[in-house]
Amino acid sequence: MKTPELDLPSGIETHFSETPQEAAQQLADTVAEFLRGRLHSAERASLAVSGGSTPLPFFQALSRKTLDWGRVDVLLVDERWVDETHEDSNTKLVKENLLQSNAAVAQFLSIKQSGSTPEESLGAAETELTNLMRPLDVLVLGMGNDGHTASLFPDAPELSHAMNVKNRDALAAMTPPSQTHERITLTYALMREARFIALHLKGNDKLETLKRACSRPNDVLEMPVRGFLKSGLRVYWSP
Ligand SMILES: O=C1O[C@H](COP(=O)(O)O)[C@@H](O)[C@H](O)[C@H]1O
């Protein structure tokens with residue numbers, strides 16, 4: 001495979017693989033190693049993961065890793081406002097693919113609590129995360145071709161609030177007109193301080209989007225993923 005050309009800000013690590021399975025395996029190896037390291041020095045470790053289609057093989061590979069999963073808190077970076085049985089539910093994806101095998105004993109912290117809208121359930125969802133230690137240990141992000149990451153959508157009226165670094169809330173309700181479902185997302189301030197941050201991408205379209213994001217790195221409201229294109233980020237990509 002010809003290595004893709006990318007003009008990323010300095011200090012960003014890139015891992016280009018031939019196949020999605022290879023990328024997923026590499027990312028799972030690194031995340032498992034990082035969690036093991038954290039569990040040597042801390043009582044619990046946290047793992048915040050994305051939904052969508054890209055993470056499926058990563059979840060399956062990670063679920064088989066040997067580590068003290070009983071001391072790991074797993075949460076989603078974002079959720080669509082649908083029932084857990086709905087095919088668009090990120091919770092369903094995580095429960096069916098990550099919280100299996102060795103990882104079945106991990107603790108799942110649900111950012112979707114009862115309420116008819118994300119806004120209504122924000123209080124209960126914040127309470128669910130009360131015992132989560134800051135900073136997060138591991139954050140694995142995805143990206144859409146509009147430059148969104150988690151549910152930080154460029155067209156959401158709540159974007160400035162959710163991306164404000166002074167906003168100490170863990171969660172924000174999002175109502176992007178471009179999306180079928182309302183959303184709940186971790187805030188930028190919480191995510192950006194994570195100890196380990198990976199951006200997991202699949203497809204040439206995502207590579208083009210990443211190039212576009214790199215071309216004007218400062219306009220984070222136009223493409224929220226730009227907020228994470230900083231030294232320390234690890235990008236995992238495959239066609
Ligand atoms: O809607 C979402 O989209 C992004 C990207 O998803 P993908 O299907 O292109 O992998 C995802 O990271 C986010 O968690 C999800 O809710």
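This report covers the ligand site and the aromatic pairs of a predicted model.

Local features need pLDDT of at least 70, side-chain atom pairs count only at pLDDT 80 or more, and totals for chains, interfaces and linings use all residues. Residues are numbered from 1 along each chain as its sequence is written, and side-chain values use heavy atoms, with hydrogens and water left out.

**Ligand site**

| Residue | Polar atom | Distance |
|---|---|---|
| Ser53 | backbone | 2.8 Å |
| Thr54 | side chain | 2.5 Å |
| Arg80 | side chain | 2.9 Å |

Taken alone, the ligand exposes 400 Å², and the protein buries 89% of that. These areas come from the Shrake-Rupley method with a 1.4 Å probe.

**Aromatic pairs**

The structure holds 4 aromatic pairs, meaning ring centres within 6.5 Å; planes under 30 degrees apart are stacked, over 60 edge-to-face, and the rest tilted. Phe58 and Phe59 form a tilted pair, 5.8 Å centre to centre with 45° between the planes. Both Phe58 and Phe59 are buried, with under 20% relative accessible area (1.4 Å probe, protein chains only). The ring centres of Tyr188 and Phe228 are 5.2 Å apart and their planes lie at 85°, so this pair is edge-to-face.

Technical notes. Polar contact = N/O pair within 3.5 Å; in protein donor to acceptor, adjacent residues only side chain to side chain. Phe/Tyr/Trp six-rings, centres within 6.5 Å; stacked < 30°, edge-to-face > 60°. Buried < 20%, exposed > 50% of the residue type's maximum accessible area, 1.4 Å probe, protein only.
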